[in-house]
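Here is a colleague's note to read alongside the model. Take it one point at a time, and keep the picture open while you read.

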Amino acid sequence: MAAPWKVLDLDPDEPLKRAVPKLARARLQETFSYQSQLLKTYDAEAVHDMRVSARRLQTVLRTFHEVLPRKRVKPYERRVEELVRLLGDVRELDVALAILTLPMSASQTRLSGVAILAARLEYHRNVARKHLTRFLTRMDRERFTDRFSDVFGRER
Amino acid sequence: MGHQQKLSKHQSLRSQMSMIIPRLLEKFLTWEGRVVSSARHLEDLHEMRLAGKRMRYTMELALPAYGEEFERALETVKQVTLLMGEIHDCDVHIGLLVEHAQEVRMLNKMIMTAKWRVQTREITMLVRQLRGERKSLYEQLRAELSRWRQDDVPRAIRMSCGG
């Protein structure tokens, strides 16, 4: 799991109204920094890293919801929730498929139950990846990161 | 927990974190008794893991505000949440495999010719292996939470952020 990005211009003694937008912007950038690698290879680590970063972003939004402009943040927060859910669907299947690796016996003549399960999970993973790709593409089209960053930018 | 003080956007990140982190710690410890009392309290373990993750990610945000002691406290929280995550993965996978084995056995009952039946031996082996791993991880978690009590780790976490 990748370490969280440091927020370089953060001063812990500045008031929350200035610190929270910096934290949120940093977590937002961190989350989407994994996007191109993820879409290129669907590497399990990239999926995991993006999911953890999106959860870190959620933590900022939930922990400091009292000091954020609720109405403006809410629609973006919902999109982040959906992103976490879609990343979770792929991640869970990546992890489940990784455990189905017991050596098959060479003399096996009957169809293996493990192989059937692996095939079923792979199918579901492909579907989950397609949903995630579609969602990320839509977020790009809507310029999600720019618009969400602007919400925090104007709050400074 | 009593009445919770509201956050103030005019207060510093440092001062507000010293209020938020102890709250999250209390929430995390709510499930401790149930989790250590039985390996089968899966729901409680799940809730404790989620509370632990939230505390961990919040502590990461507060890293620039505190010193080395806080960094060590975060590492302790991280280790315990990772352990809980591994136990949770075992639970999910055991459930998945057991359910799949039941489906396969039902299917096999409808197949008259033995050689066409689907083999379940490997599924059983995997379930056994995962149950063994789960047992050992749970014992590690119990030992770690017992160490938390012995060394008063919750107090060290509170102190590290001035809470």
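The numbered points below go through each chain, then some single helices and residues, and then the contact between the chains.

1. Before anything else, please remember that this is a predicted model. Every value in this note was computed from the predicted coordinates.

2. Let us begin with the make-up of chain A. How many helices and how many strands does chain A have? The count is six helices and zero strands. If you follow the chain from its N terminus, the elements come in the order α-α-α-α-α-α. The radius of gyration of chain A is 19 Å, whereas the globule rule gives 15 Å for 156 residues, so chain A is more spread out than a compact globule. The box tells you about its outline too: along the principal axes, the C-alpha atoms of chain A fill roughly 70 × 30 × 25 Å.

3. Next, look at the inside of chain A. Of its 156 residues, 32% are buried. Take the contacts in chain A between residues at least 6 apart in sequence: 71% of these join residues at least 24 apart.

4. Is α3(A) mostly covered or mostly uncovered? It is mostly covered, with 14 of its 20 residues buried.

5. Which residues of α5(A) are buried? They are Gly113(A), Val114(A), Leu117(A), Ala128(A), Leu132(A) and Leu136(A). The cover over these buried residues includes α2 (35-41) and α4 (70-99) of chain A, and also α4 and α5 of chain B. Just after α5(A), look for Arg143(A), which takes a positive phi of about 50°.

6. Now for a pair of helices. Two packed helices are described by the angle between their axes and the distance between the axes. In chain A, helix α1 (residues 16-32) and helix α6 (residues 144-153) pack at an angle of about 170°, with their axes 9 Å apart. Why are α1(A) and α6(A) called roughly antiparallel? Angles over 145 degrees count as roughly antiparallel, and α1(A) and α6(A) therefore belong to that group. On the α1(A) side, the contact is made by Pro21(A), Ala24(A), Arg25(A), Leu28(A) and Phe32(A). On the α6(A) side, Thr145(A), Phe148(A), Ser149(A) and Phe152(A) take part. By class, this contact has six nonpolar, two polar and one charged residues.

7. Along the principal axes, the C-alpha trace of chain B spans about 75 × 35 × 30 Å. Buried residues make up 32% of its 163 residues. Among contacts in chain B with a separation of 6 or more, 71% come from residues 24 or more positions apart.

8. Glu69(B) and Arg134(B) are 65 residues apart in sequence and 31 Å apart in space, C-alpha to C-alpha.

9. Finally, turn to where the chains meet. Here 32 residues of chain B are in contact with 32 residues of chain A. On the chain B side, the elements that give two or more residues are α1 (13-29), α3 (42-62), α4 (68-109) and α5 (121-150). Which element of chain B gives the most? That is α4(B), with six residues. By class, the side of chain B that touches chain A has 14 nonpolar, nine polar and nine charged residues.

Conventions: Residues are numbered from 1 along each chain as its sequence is written. Chains are lettered from A and ligands numbered from 1 in the order in which they are written. This is a predicted model: local features need pLDDT of at least 70, side-chain atom pairs count only at pLDDT 80 or more; totals for chains, interfaces and linings use all residues. Two residues are in contact if their C-beta atoms, placed from the backbone, lie within 7 Å. Helices (H or I, at least four residues) and strands (E, at least two) are DSSP runs, numbered from the N terminus. Ala, Val, Leu, Ile, Met, Phe, Trp, Tyr, Cys and Pro count as nonpolar, Asp, Glu, Lys and Arg as charged, and the others, Gly among them, as polar. A residue is buried if 20 or more other C-beta atoms lie within 10 Å of its own, exposed if 12 or fewer, and partly exposed in between; C-beta atoms are placed from the backbone. The radius of gyration is taken over C-alpha atoms; the globule rule is 2.2 Å times the number of residues to the power 0.38. Axes are lines fitted to C-alpha atoms, for helices over the stretch in contact, and angles run from 0 to 180 degrees between N-to-C directions. Angles under 35 degrees count as roughly parallel, over 145 as roughly antiparallel, 65 to 115 as roughly perpendicular and the rest as oblique.
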